[in-house]
Amino acid sequence: GPKDGHGTVNMKDAMAQSCNCYFSTVGEMIGYEDILMTARKLGYGEATLKDFPEETAGNVPENEETGVWDTSNISIGQGQLLATPIQVCQMTAVIANGGYLVKPRLVMGETLLKENVASNENTKLIEEYLKAVIDEGTGMSRWNTRVYGKTGTAEAGSGGAAENVCWFTGYCRQNEKNYVITVMTEGGESATSDALPIFKRITDFLAVL
């Protein structure tokens, strides 16, 4: 955050400003067991695509493999947690879909299988927080359609050197459809400068459909 920090913030402000300290503190109040349970419920730690053996499952550690010392990292998606772009996209779609997890697919025309994994009340609340990211936080830009999203920057090692993995995940609604988009760029500076412009190009295209 800025030199003097973000000051006193609520969850909406913390989401808008991407305040790690806030979510680390809340994570310690909740406990790592419930965080890991929710991660699994949202599809992390398992492959998402049917009949696609090349896809990795990422990693959600077992409870006995972690502890209170990992809670801060787990709360902000770091540490032992490993996620793929399609898993992040699937989670974002849960919010766009009002709490239903829909398995992604590679071809059109298959029957959609959906499972209710979050309440509509909670997903609408998170949607308001994602709107704040766009309107007043790290996702501010000149948008051509109503979008909801979240920036994220993870630290990863490559050849012994640390590098940033920059994320932007979100969605827009056009013609009564939800379009969920997740962008990941490796070796960038920040999500705002590297991943967000790609997300914006896609939503700008969708805005004129």
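A quick word on terms: helices (H or I, at least four residues) and strands (E, at least two) are DSSP runs, numbered from the N terminus. What you're looking at is a predicted model, where local features need pLDDT of at least 70, side-chain atom pairs count only at pLDDT 80 or more, and totals for chains, interfaces and linings use all residues. Residues are numbered from 1 along each chain as its sequence is written, and side-chain values use heavy atoms, with hydrogens and water left out.

Start with the cartoon view of everything. You'll find 7 helices and 5 strands, and walking along the sequence gives α-α-α-α-α-β-β-α-β-β-β-α. The radius of gyration is 17 Å, close to the 17 Å that the globule rule gives for 209 residues, so the protein is as compact as a globular protein of that length. (That radius is taken over C-alpha atoms, and the rule is 2.2 Å times the number of residues to the power 0.38.) The C-alpha atoms fill a box of roughly 45 × 40 × 40 Å along the principal axes.

Next, select residues 177-188: that's strand 5, and Thr185 is in it. Is Thr185 buried or exposed? Buried means under 20% relative accessible area, exposed over 50%, and partly exposed in between (1.4 Å probe, protein chains only). At 14%, Thr185 is buried.

Now show what surrounds Thr185. Leaving out residues up to four places away in sequence, Thr185 touches Asn164, Val165, Cys166, Asp194, Ala195 and Ile198, where a contact means heavy atoms within 4.5 Å.

Finally, zoom back out: 40% of the 209 residues are buried.
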